[in-house]
Amino acid sequence: MGRDSLLEMSGITKSFNQVEVLHGVDLTLNKGEIHALLGENGAGKSTLMNILGGVHQPNRGHIKIEGKEIKMESPRISQEQGISFIHQELNVVTDLTVYENMFLGSELRTKWGTLDVKEMCRQTEDIMLRLGVEISPKTYVRDLETSYKQMIEIAKSLLRRSNIIIMDEPTTSLTDNEVERLFGLMRSLKQSGVSIIYISHKLKEIKEVCDRYTVLRDGHFVGNGSMQEVDLEEITQLMVGKAVSTDAFYHEQTKGDPVLTVKHLTSEGNFHNINFTVSKGEVVGFTGLAGDGRTELFESIYGFRKKYSGDIEVNGHPVKIDHPKKGLQAGIGLVPKNRKENAIIKDLSVIENMSLSSMGNFERRGWIHSKTEREKFQHYKQQLNIKVHDPNRTIDSLSGGNQQKVVIAKWLEVNSDILIFDNPTQGIDVGAKNEIYQHIMNLADQGKAIIILSSEAPEVLRVCDRINIMFQGEITGRFHRDELTEEKIMEYATGSKREAENIG
Ligand SMILES: Nc1ncnc2c1ncn2[C@@H]1O[C@H](COP(=O)(O)OP(=O)(O)OP(=O)(O)O)[C@@H](O)[C@H]1O
Ligand SMILES: [Mg+2]
């Protein structure tokens, strides 16, 4: 054990229901470093951290902190050891206020034994200020956007003044600005001697912020080292066991008739005078920065939002869509972003989750009848490489990325003419991304009209025929992919450039 090492996990083995998922894994964390924990979906990252956090007990193996062996028998013991844990799945209680969430289980009291609301609010405000987030401590969490909920999770861990902070995909629902703030904060925590274990599938972020890495593959330790000495390709190779292509999926296709035409669509404060057409067999991307209005735009087109003006035509016929049912009837499907909140039902099994046709609309639709649930499930399990031991268990027995694959799979079979994917590869590993893109391309080849909403420029560049860039609720640029680069996307996404006018 090195001079600087703070934590040493060795030979960690873990089984769930007689299936071994971690096979003698090692992890060493130094003082004051940001350590990336990497691996494909289902590799065992969250499980290893759940063991460090006292959530799960290992079957074998040792955990030492500053050389002393510790039995992490409960989350409380882990916390007492100075470890705090930002979970992959949001853990906030929506019916409580921000400050109540922050101090849940460790409420501050006055000398008379009553709750010290004033002090709890003050400390909450203090931390939120450091994170650059403007929320009042007394706001109910249910009224907040997802990114704020994520920030509360992060703020909670800062409150505890821990020596080790585990961050399991903390940035999945953060905006670019918030990510920058978080990185700034992580660097200053590191300066003050705090160590951070950082899990993410955004390899660029990893390269930017992490000092060292450990890679797991299928529950085995496969390597560790200094981040400076490897490039992203080597990391990918370690994770997946082979090189992963970053080539474009796009290929020239014959464009069919217009399927979706949108004219002068406007929703006060969300988007303004939106015009576009998507044809049969096309893959059209919408990208931009947070707050560009693309999610709200397509939630309106699908029927989640009622208040908008303008016209929508499907296959040349005007439609009035003010409920997701109407969207589905009109042949529009939407894969929502934020799996954690919108797309899965925790109490249902993996198979049942795959059979649900849409959120808020749990009735079984016609397309289920053509195949049995199980056949369909087996098909996608194989095609998308979904790691699942028993599909009759609840969906939270799957790793985060595999849950997302289930959400995607259920939509790949829907008989909608128009399929909208909002942030489809959130939490998906580099290799599995390609499998999902391939499926999307196949759907386009079958004549479906595909729309992809993504904040990641490389994603839209790899799969889309045409790309619309949005800024503050308006389309500022429309391009064929050949005309575009990441830099150019940035110029239009920040509003520093703007096209003359709307060509369909
Ligand atoms: N509570 C549980 N019950 C049964 N199996 C589980 C449970 N938690 C995790 N597993 C299994 O353990 C394996 C590792 O899962 P884990 O969540 O650690 O993966 P991960 O590396 O965090 O993946 P991701 O990047 O998708 O989040 C998976 O095969 C998963 O299905
Ligand atoms: Mg995980």
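Predicted model: local features only at pLDDT ≥ 70, side-chain atom pairs only at ≥ 80, totals over all residues.
**Colour by confidence**

Begin by colouring the chain by pLDDT. The chain average is 88, and 94% of the residues score at least 70. Select strand β3, residues 34-38: its mean pLDDT of 98 is the highest among the elements of the chain. Then select helix α11, residues 339-343, where the mean of 67 is the lowest among the elements.

Next, select residues 358-370. Here pLDDT stays under 50, and the model has 24 contacts beyond four places in sequence for this segment.

Move to helix α17, residues 486-493, and display the side chains. Which residues of this helix are buried? They are Ile 489, Tyr 492 and Ala 493. These residues span an arc of only 100 degrees around the axis, and therefore lie on the same side of α17. The spacing can be understood from helix geometry: an α-helix has 3.6 residues a turn, so residues three or four places apart point the same way.

Following α17, select Gly 495, which has a positive phi, near 80 degrees.

**Charged pairs**

Side chains of opposite charge can pair when their charged atoms come close. Across the whole structure, a search finds 21 salt bridges; three of them follow as stops.

Select Arg 498 and Glu 474. Their closest N and O atoms are 3.7 Å apart, forming a salt bridge. Arg 498 belongs to the segment after α17 and Glu 474 to strand β20, so this pair ties together parts that are 24 residues apart in sequence. Arg 498 is partly exposed, at 47% relative accessibility, and Glu 474 is likewise partly exposed, at 29%.

Select Arg 481 and Asp 482, whose side chains meet in a salt bridge with an N to O distance of 3.4 Å.

Finally, select Arg 393 and Asp 390. A salt bridge joins their side chains at 3.9 Å, N to O. Arg 393 counts as partly exposed at 36% relative accessibility, and Asp 390 counts as partly exposed at 30%.

Definitions and conventions. Residues numbered from 1 in each chain as written. Chains lettered and ligands numbered in written order. Heavy atoms only, no water. Buried < 20%, exposed > 50% of the residue type's maximum accessible area, 1.4 Å probe, protein only. Helix = DSSP H or I, 4+ residues; strand = E, 2+ residues; numbered from the N terminus. Arc of directions from axis to C-beta. pLDDT = per-residue confidence, 0-100. Contact = heavy atoms within 4.5 Å. Salt bridge = Lys/Arg side-chain N within 4 Å of Asp/Glu carboxyl O.
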